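Visitor: I have a structure to get through today. Can we go over it piece by piece?

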Amino acid sequence: MATLFMFLTWENRCISLTIRSAPVLCSAKIDENSPLFTLKMTIPNGLFTADSSNPAWSTSHKFMMTAMGAKAMRNYTRTMDNSANRLVACFNQHLERSSSFDAYSWALRAAAQTIGEVGLATDFKMLDSADSSVAEIFALIAHNISVAQTLFRKGRVYRAIPNPEARDKKRTEDKIHAYIDGEADRVTKEANVEDMPYQDAALQTSSLLDYMLHATDEEGKKMPLELVHDNVLTFLGAGQATTSSAIAWSWFCLATFPAQAQKLYASLTAAGLRADKEITADELARLEYLDFFIKEVQRLYNPAFQPTRQAQKNVIMPGGYLVPKGSQVTVALHSLMINTEHWKDPLTFNPDRWGTEEVRKRHKHAFIPFAAGARGCIGFNFALQEIKMVLARTVLNFQIKNVTEGAIIYDPDFALYRPLNFRMKLLKQIDPSEVKLASDTTVEEKIIAPQPHVGTKILPRFWAVHASNTGTCHGMAGDAATKANQLGFQDVQVVSLADSPLSDPKRTAEVAAGPNFFIICVATYNGEPPDAGLTFSDMLDSEIKAGRASRFKGINYCVFGAGNKQWGPTYQAFPKKVDANIEALGGNRIFEKGSGDANVDQDRDFAMWTTKLWAAVASNFGVDVNDAGKTNDNVLTHSSEYSANAVKVEFVQRTSSTAESSLEQPPLPGFDKAILRSNIELVDEDTPMPRSIRLITFDVPEGFTYQEGDHMEVYPENDIAVVDKLLVALNFVADASFKVTAVDRDVNPKSLAALLVNRGLISLRELLLYYADVAGPLHHSSLQLLSSFLPVDDKFESLRETLSIASVPSDTEASKAFFKKNRNFSSLIENHPLLVQSLNLQKLLIALRMNQPRRYSIASSPLVDPHVAKLCVGVDDLRVVDHVGLCSGFLKRAGVGHGVWVKSRSSQKTFHLPEDPTTPVIMVAAGTGISPFLGFLERRRAQGIKVPEHGGIASFKFYYGTSYHDMKVLKTLVQSFIDDGTVAAEAIYSEVDAPRRFAQHLLMRDALNIWGDISSDGRVYVCGSAVRVGGGVRQSLMHISEQVGGVTDPVAWLAEFRKEGRYSEDVFG
């Protein structure tokens, strides 16, 4: 094997001999000794990677030299100016937010967006807003190169045998090539260009891809399609990586050397450039000081710092050094371009030096930022034009401030020299009229250019904050924390909103003093904050009222709101409030708010939002998202490798069977066991409408207290038939007992493992019957984990790919089909029995979530019997649906005497009957929405309060909508309240052919009386479907307010009606 030499020399003749790629020394063959070898594994025949002796290189060089020439690049000036102006628009958003940001990540967006428009005539949408993320194709290219690096490190023998990295690389390359094929087809159809000589094509085609598809050489031959692929990959990768680094260093110099930045601005305005005026190619060519400034940036901070050439034969270098044939010789460009032999005060940033005779007469290879010779950078015209345009637009609009904490560092393991932690903040540029003439702007002070240190970026402290009454947001926060740990964040914490540093001004200030990052996951319940957000909501109100604009200054945050669009105007109410108010109080929103819709797929919404968020965060903090583990998967869409120590489980001998026993300890804190007294079906057995509504009565334990309108949380049990199937499939001994003794910090806090730690003995039957969520929809994060558990073995490869694809959130038909067929863990195991071979108890505890309680409105009054509570529960019928709800199915199966774990929950304050019995009350419900109103009716009967028609003093109306008149038991029950004068009630049936079919239609019919009650300080209560009942009633009330009450702005009226607490909904999806 050839000896590898690296020369660090001041000798001009050595440098020239090496870099000019003469016949003696050139990149003739890129083998395993070359720094470009891993790139060649990915792009074998690209301009940078093909051997010089390879005809493919000659073909590519011939075609692309013309396409990348200065004359051809002038055609793209307007395109580049458009991209630069879009960057300015994003920067203006940052300016409005007064937020700082990572310079390199935005330079990357700018460079990649431009190469997309120039190279492919496509809009990657990376400069749409300040919250835009990097396009997927760049992640695929980066991943492919990372896989190649892993294969290279594992050696030639490993690469020669079948291995998972090679398969992963093949899959990634297939995606990349499919993308390029798609773009080629699109460009061909849109451009409608005939083939033409490459000299003409360089000036007449719409993009570099268009050029490569239609340019012909002297023999009429076109570039082979495989070379088109390789060269598209070359400019997509190289075209943005080096340029983005150069742009970031240029911004750094603008911030570091304000006098030179001011002179640059003066030179631009003197040349007639303005922020609102297009910049032409001729104008760019005349900007001398801009050219000087960029050259000085390149001299001191050039992205490419180690061009390498290979000796084709033994050669004696000047000075007597022997370079054996096949050796790689690397030129240290940075050392070359600060050589005191050629540069006066070489470490001083002085753009004016480029106008001196001394520099003009320098050695031709004393400044070679793009290398030189045949193997020099062919895209230097493209890069320089783009850098000039971005820099000109930046300076015309902004001044830059360096807000980096500590010194600037760079990563020596990265192939290019780029700032790893440079954070910048924007200030509005002064008016051109206030600028001194460039000729009057002199810079006398010599400032030594800072030399970045080798280092790694310190990631900030991380909090995943949650607030929801059902635990949904706790699970989301847990997923966020798991990913934060995987990405390398330190001091990762999962806390409720009430317990977070944000709730305490003193703790907020302490956290804000250092690097921090908060992901806040919160929900709304009928427009109200969840329990853990009540105090925080009040605090926000008081701080906004007091005008404390710096309450959250220094806090970096983003918000995800859980909800259901069927809730109508209250959808996302509290998340929106948190997001807007923290910003108004000085917080720095670092990513756009996300929204989940449980009516469709909230887990997918969260997964898609967090994938984009983590991509932006990883780019912002310089995190390597390509896992170096066994599968080399992208960290953003895959879980970390399983550790056997993640969960510690201890099996304990048990002699008695658990088959007939019930759970003796509460599954969750605060739950007590109620005994089911009766379970009555309200729908007639011979109904033509397949459905089920159960009226269930419980004997509740001591300490269970409630008001009418409150809720009962019920902890469900899984179907024993499903449990028995899983016990067999998983090879579990039903009565075997275990306890969880320890859980690693990387494990999601809402996983079974985290929730069962230190809870004592649990049998495997109890685990699957009571604790494990085997019936709920699969989480994307769970699929990621299950995929990561699969061994590196060919027989698991297809299953791994299936789970990996499904774990990435997507709207594709294939994804929808997967989740329809595998809607929960039990069906996944049934459809993919091979998965069981990779699972043990510990892995199951990590991947699965715990069952969550379901909330139901209480259908009784404690005035009748404080030890009794009733529920009205709808149950899906398998004749019309493909599955039954977990908790509703459990309650339908539960027999008299069965113990059920329950907990009382207060409803919103406004969903209780008014204390004044003379206040008019209007109740509207449909289906099981009748539940809280049965409690209202029981209360009024117990109080002996009658409606006016029976000699009473209070208007008490109830409008009830249902699908069909097939509930004799319920009708009899409600009729008893009508007969004794408790209520005036009327039912309406949606399946009956009549003009009026819904409860809100009855409101419109009785509009005069309804408006009379409302005008007499009346209350309106609504319960049922958020869309059909909630939305319908709101529309009817607004129509009544306008047509009967003469209200000119019904929307504002309804909002005020709700704000007064006189209109209250308890609706569901």
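**Strands, helices and rings**

Guide: This is a predicted model. In strand β22 (residues 711–714), His 711 and Glu 713 point one way, while Met 712 and Val 714 point the other way, and all are buried.

Visitor: Which strands does β22 run antiparallel to?

Guide: β22 is joined by four bridges to strand β25 (residues 854–857), and the two run antiparallel. Another four bridges join β22 to strand β27 (residues 899–905), again antiparallel.

Visitor: And what does Val 714 stand opposite in β27?

Guide: Val 902. In β25, the bridge partner of Val 714 is Arg 854.

Visitor: Different topic. What is the order of strands in the open sheet of five?

Guide: The order is β30-β29-β28-β31-β32, and the pairing is parallel.

Visitor: Which strands stand at the edges there?

Guide: β30 (984–989) and β32 (1063–1068). Each has a single partner strand, so one side of each has no neighbour in the sheet.

Visitor: How many bridges are there between β28 and β29?

Guide: Strand β28 (residues 921–926) and strand β29 (residues 956–962) pair over six bridges, in the parallel sense. As one example, Ala 926 has Gly 961 in β29 as its bridge partner.

Visitor: Which helix lies across β28, β29 and β31?

Guide: Helix α33 (residues 931–943) lies across those strands, and it runs at about 145° to β28.

Visitor: What about the open sheet of three strands?

Guide: Its order is β2-β11-β9, with antiparallel pairing. β2 (101–102) and β9 (398–402) stand at the edges with a single partner strand each, so one side of each is left without a neighbour in the sheet. Five bridges join β9 to strand β11 (residues 423–428). Asn 402 stands opposite Met 424 in β11.

Visitor: Which helices lie across β9 and β11?

Guide: Helix α5 (residues 77–97) lies across β2, β9 and β11, at about 90° to β11. α18 lies across β9 and β11, at about 95° to β9.

Visitor: Where is Cys 377, then?

Guide: In the loop between α17 (357–360) and α18 (380–397). UniProt lists Cys 377 under "binding site", in an unreviewed entry.

Visitor: Why does Cys 377 count as partly exposed?

Guide: Its relative accessibility is 25%, and partly exposed lies between the 20% limit for buried and the 50% limit for exposed.

Visitor: Now rings. How many aromatic pairs does the structure hold?

Guide: It holds 43 aromatic pairs. One of them is Phe 536 with Phe 552: the ring centres are 6.3 Å apart and the planes are at 45°, so the pair is tilted.

Visitor: Where do Phe 536 and Phe 552 lie?

Guide: Phe 536 lies in helix α21 (residues 534–546), and Phe 552 in the loop between α21 and β16 (556–562). The pair therefore ties together parts that are 16 residues apart in sequence.

Visitor: Is Phe 536 buried or exposed?

Guide: Phe 536 is buried, with a relative accessible area of 2%. Phe 552 also counts as buried, at 0% relative accessibility.

Visitor: Which charged end sits over the ring of Phe 552?

Guide: That of Arg 551, 4.5 Å from the ring centre. Elsewhere, the charged end of Arg 941 sits over the ring of Phe 977, 3.8 Å from its centre.

Visitor: Last one. Which residues do ring pairs link into a cluster?

Guide: Trp 249, Phe 252, Tyr 301, Tyr 410, Tyr 417 and Phe 422.

How values were computed:
Residues numbered from 1 in each chain as written. Predicted model: local features only at pLDDT ≥ 70, side-chain atom pairs only at ≥ 80, totals over all residues. Heavy atoms only, no water. Pairing = 2+ DSSP bridges. Contact = heavy atoms within 4.5 Å. Axes fitted to C-alpha atoms, helices over the stretch in contact; angles between N-to-C directions. UniProt positions renumbered as here; feature names shortened; annotations may be inferred. Buried < 20%, exposed > 50% of the residue type's maximum accessible area, 1.4 Å probe, protein only. Phe/Tyr/Trp six-rings, centres within 6.5 Å; stacked < 30°, edge-to-face > 60°. Lys NZ or Arg CZ within 6 Å of the ring centre and 35° of its normal.
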